[in-house]
Amino acid sequence: MRKRRSLLLCIAVIAIVGSIWSYMLITAPPQGTLDQRVHDVASQLKCLVCQGESVADSPATLSQQMRALIRQQLQSGKSEQEVIQYFVSRYGDRILWSPPWQGFTLLAWFVPIGLLLAGVLLLFFILRNWQTQANIKTREHGAVEPEEMDAGELAQYRQQLEKELAADDPIFARPRTEAN
Amino acid sequence: MGIEIFFLMMLVTVSSPFVRLPVPLPDGVGLNPLLMDPGMLVHPPMLLMGYMSFSVPFAFAVAAMVTGKLDSEWLRAIRRWTLAAWSIQTLGLVLGAWWAYHVLGWGGYWGWDPVENAALLPWLTATAFLHSTMVQERRGMLKVWNLGLVITSFALSIFGTFEVRSGIISSVHSFAYSNIGSYFLVFLGIVIVFCTGLFIYRLPKLRPEQEFDSVISREGSFLLNNLLLVGITFATLWGTLFPLISNAVRHQTLTVGPPFYDQVNGPLFIVLILAMGIGPLLAWRRTSTRALRRNLGIPALAAAACAAVLPLAGIHDVWANVAFAICSFTAGAILYEIWRGVHVRHRHGEPYPVALYMLFERYRQRYGGYLVHLGLVMLAVGVIGSQFFQVQQDASLTPGHEMNIAGYKLVYFGNVDTKYSDGEIMTAQLQVWRDGELQQYIYPGIQYYAKFANQPVNLIPITTYGLTDLYVVFESWNGLSEARIRVFVNPLVSLVWLGGLVMLLGGITCWWPGRRKRRAVFTETGVGQKPEAERVGVGPQAANNEEAAT
């Protein structure tokens with residue numbers, strides 16, 4: 001009965017969140033305001049007269065002019081990608097704030113992503129290997145430890161554990177251990 | 001033991017002066033005006049101190065490898081030292097971000113600049129190490145990996161100092177050029193070759209003592225944590241070095257800027273935060289799915305509530321909402337864990353505040369760790385908020401003119417010029433209005449130094465309303481009656497600093513010594529005063545509860 005109730009709760013929560021999200025996705029404007037789009041484009045471009053700043057962040061005059069140009073071009077109906085392409089055709093790849101997704105510079109993106117995926121795979125295989133080894137061992141040795149222990153030993157362990165816990169924190173102290 | 005101490009002394013005396021050297025020594029015309037700020041005064045020494053502190057765990061690791069005493073004895077010492085280095089490095093990073101935010105005037109605090117990356121790299125590997133040592137401590141596994149992480153942290157520290165000093169990579173931090181860089185490169189090479197050799201030599205002694213039981217266990221979650229942290233480390237290092245590689249291979253200059261790191265590291269960090277919520281709920285060796293499902297209920301509800309409320313509150317950015325939901329999941333998981341611990345203690349007669357205190361006091365490592373996690377979640381929320389919802393606007397104003405941005409209204413009155421013996425400050429006079437009410441006057445300024453005429457410094461007023469910052473930069477002026485200003489509204493930025501502080505606090509909680517001493521004091525004076533009723537009936541039930549909470 002409880003299990004069923006929690007299942008129902010789960011479904012209800014998913015339904016509510018799902019409907020809110022689909023509403024959000026439907027009503028959300030497909031692209032931001034002009035200011036936002038200018039900022040998006042400008043933050044993809046590097047300020048050529050600054051040390052380590054994007055066109056969006058830089059206060060330099062050149063960047064101000066470039067921002068004005070971006071605004072103008074977006075207003076005239078160009079897409080963001082086209083505006084970036086325009087600047088690349090004038091200044092070359094060095095104006096891009098992150099390496100382009102083509103040719104040699106794809107390496108910049110693919111090496112870390114590839115290695116991470118390789119890491120996931122490696123981890124997966126290592127874990128599987130360990131686990132099968134552990135399983136084989138368990139099977140070879142038969143029963144697991146707890147059953148090998150007799151009741152007296154278990155009581156002894158429990159007593160020791162309680163003593164240690166009590167020494168660690170008085171909240172675990174119980175009258176019996178006090179008496180000992 | 002003798003060899004160990006000898007080696008320790010030698011490494012500390014030989015290596016730490018190396019790391020300590022590059023503290024900038026100003027001379028000649030005086031300090032660059034950008035650097036005349038208390039934040040600047042503190043953060044580089046902090047970071048270099050952090051770098052240097054990594055040499056201690058490194059020395060321990062090398063000593064252990066040389067002597068062949070590779071049991072868990074050295075591990076505890078190393079852990080404490082790494083934790084100290086980690087805390088210092090955390091403070092340095094947060095202070096550096098704070099300085100950048102208050103002084104540089106681009107409305108941000110972290111730019112994935114090569115030097116910033118260099119400071120982050122050892123922090124990341126040290127974080128990985130602090131987690132994976134727990135596996136070694138409890139289960140005697142991952143020895144090779146842990147040693148590797150210690151050595152990597154140290155090597156990355158050296159790399160960091162090398163990078164700052166050599167100027168091989170263009171960075172906003174390139175204040176000084178000198179030929180000191182090549183020494184570091186040679187030193188770095190020696191460290192790597194030496195350690196790899198030693199490592200291979202000692203490999204047979206580093207066999208795991210126990211077997212792995214189940215993927216869904218605390219060990220498994222630590223492995224995932226390590227994979228993610230090392231992944232982020234590698235991506236960051238790769239991005240930092242890629243311009244050099246590209247230049248060498250293709251003679252092509254290019255930049256790897258924040259968009260790259262945001263896209264590669266951003267999702268990894270979010271997964272890391274999710275793992276941070278689930279990991280601590282898993283038990284060592286293996287976890288029953290039922291217990292896990294029970295523990296996940298509350299955090300999942302927190303995430304669902306967040307995911308439902310945010311769109312209704314008008315936040316429509318999908319990725320931001322996903323990230324916020326994950327953050328609230330993890331925050332929910334951590335707070336629920338703390339609450340359960342407090343609740344158990346409360347049931348045995350401790351009032352809530354005392355129970356909370358005792359929880360942190362008794363299980364410092366564990367709850368200190370939760371505090372760090374909580375701080376990181378706060379920091380993440382701050383980063384997400386300011387990353388996704390920053391609003392920025394430029395305006396050219398004449399007296400009486402106003403500009404509106406994100407619910408704020410700024411009214412401009414004019415400029416004031418003040419002359420000093422060593423320079424001049426031009427400030428713009430502005431009023432801040434919000435909801436039809438005058439909030440306050442602000443005076444963004446530009447400070448000119450006579451000795452650095454071409455390097456004016458921004459004086460940036462940052463006014464905080466709730467958790468949102470209004471950040472006004474005075475860009476340029478024309479006479480006394482025209483100003484060009486640039487205004488940023490940065491939501492949730494305060495959480496970045498607050499989160500950093502909480503992380504530091506957590507780090508100190510874990511690190512704080514004297515547990516044994518305190519216990520002695522407690523047995524002398526404390527036990528007698530405890531009311532008898534508290535001890536009655538506490539027995540195995542309490543132990544069971546605590547075990548369940550573990």
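Predicted model: local features only at pLDDT ≥ 70, side-chain atom pairs only at ≥ 80, totals over all residues.
**View 1. Strand β10(B) and its pairing with β1(B).** The two strands pair in the antiparallel sense, over seven bridges. Within this pairing, Val487(B) of β10(B) has Gln393(B) standing opposite. Strand β10 covers residues 483–490 of chain B, and seven of its eight residues are buried, so the rest of the structure largely encloses this strand.

**View 2. The hairpin of β9(B) and β10(B).** Here strand β9 (residues 468–477) of chain B runs antiparallel to β10(B), joined by eight bridges. Look for Phe474(B), whose bridge partner in β10(B) is Ile485(B). Five residues lie between the strands of the hairpin, where Gly479(B) takes a positive phi near 65 degrees.

**View 3. Helix α9(B) passing helix α13(B).** The axes of α9 (residues 258–278) and α13 (residues 364–388), both of chain B, come within 11 Å and cross at roughly 145 degrees. The crossing is left-handed. From α9(B), the contact is made by Asp262(B), Ile270(B), Ile273(B) and Met276(B); from α13(B), by His373(B), Leu376(B), Val377(B), Ala380(B), Ile384(B) and Gln387(B). Sorted by class, the contact has seven nonpolar, two polar and one charged residues.

**View 4. Ser246(B) in helix α8(B).** Helix α8 spans residues 218–250 of chain B and includes Ser246(B). Ser246(B) counts as buried because its relative accessibility is 0%. Leaving aside residues up to four places away in sequence, Ser246(B) touches His251(B), Gln252(B) and Leu254(B), along with Phe104(A).

How values were computed
Residues numbered from 1 in each chain as written. Chains lettered and ligands numbered in written order. Heavy atoms only, no water. Axes fitted to C-alpha atoms, helices over the stretch in contact; angles between N-to-C directions. Helix = DSSP H or I, 4+ residues; strand = E, 2+ residues; numbered from the N terminus. Left-handed = near helix turned anticlockwise from the far one by under 90°. Contact = heavy atoms within 4.5 Å. Nonpolar A, V, L, I, M, F, W, Y, C, P; charged D, E, K, R; others polar. Buried < 20%, exposed > 50% of the residue type's maximum accessible area, 1.4 Å probe, protein only. Pairing = 2+ DSSP bridges.
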